[in-house]
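Hello,

Here is the structure we talked about handing over. Please look through it before reading my notes below.

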Amino acid sequence: MAMLARQGIFSMAVDLRFYGLSDSSDELDATFKGGETWALDLLSVLNSEKVTKAVVVCQSMSGCAGVHLTARERQRVAGLFLSNTNRGIERSPEDVALANELKARLAANPWPEGYWKGVSPKFADQNPGETKAMLSLRELNTGLNEFRRRAYETNEVPLSQVTQFGVPSLVCSSEFDPFFSEDMLKRAAHYLNAQHVHFEDAGHSPFAERPTEW
């Protein structure tokens with residue numbers, strides 16, 4: 001980070017609307033349109049910080065924010081990194097079939113007994129304290145009621161537009177992700193003409209489980 005700072009490059013971690021310290025009041029529901037609204041929020045942050053171009057890193061649900069931001073302001077996006085997510089990208093029938101296949105597979109073979117869903121058993125065994133802290137934060141950080149969840153799940157950027165983004169992109173998946181399979185995210189990478197990286201022995205949050213590689 002020090003090297004990047006010397007080049008005038010810095011990072012920002014943004015609490016999306018309804019997450020972290022951002023506003024989660026019900027009054028915001030009337031204007032919430034999922035990733036489209038989150039993209040406008042991100043754009044406001046970039047403008048307020050006088051950032052003309054940024055690499056946008058999105059984990060899980062925030063993927064729809066990055067996808068919508070790229071669709072709206074492509075010239076402002078130097079790169080798009082979708083970590084364990086295809087949110088915001090229109091789902092083809094094949095994508096829906098893969099999502100249903102993952103749900104059926106997990107229903108038939110539930111998460112290993114005694115382990116936290118979404119975290120690799122190896123990481124949980126070696127880092128029990130970090131695992132509990134990570135999952136506690138995950139629970140506290142979700143301010144999505146059913147209306148908000150439907151809004152972000154249904155407001156998607158058409159594939160015809162996604163395939164024309166033309167920005168450097170990276171999509172990663174993980175072996176023990178119960179929400180997005182490797183095949184699902186390979187398809188997302190294909191739509192974006194992006195590089196795809198798969199993490200073995202990692203769950204839904206490789207930034208915590210495999211920080212060096214991530």
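K186 is partly exposed, at 42% relative accessibility (partly exposed lies between buried, under 20% relative accessible area, and exposed, over 50%, with a 1.4 Å probe and protein chains only). Its side chain meets that of E182 in a salt bridge, 3.6 Å from N to O (a side-chain nitrogen of Lys or Arg within 4 Å of a carboxyl oxygen of Asp or Glu). Both residues lie in helix 9, four residues apart, about one turn (helices are DSSP runs of H or I, at least four residues, numbered from the N terminus). E182 is partly exposed too, at 28%.

A word on the basis. This is a predicted model: local features need pLDDT of at least 70, side-chain atom pairs count only at pLDDT 80 or more, and totals for chains, interfaces and linings use all residues. Residues are numbered from 1 along each chain as its sequence is written, and side-chain values use heavy atoms, leaving out hydrogens and water.

The structure holds eight salt bridges. Another one joins E94 and R187, with the closest N and O atoms 4.0 Å apart. E94 sits in helix 4 and R187 in helix 9, so this pair ties together parts 93 residues apart in sequence. E94 is partly exposed, at 44%. R187 is partly exposed, at 27%. E94, D95 and R187 are linked in a salt-bridge network.

D41 and R17 also pair, at 2.7 Å from N to O. D41 is in helix 2, R17 in the loop between helix 1 and helix 2, 24 residues apart. R17 is buried, at 18%, whereas D41 is partly exposed, at 22%.

Best wishes

Terms used: Helices (H or I, at least four residues) and strands (E, at least two) are DSSP runs, numbered from the N terminus.
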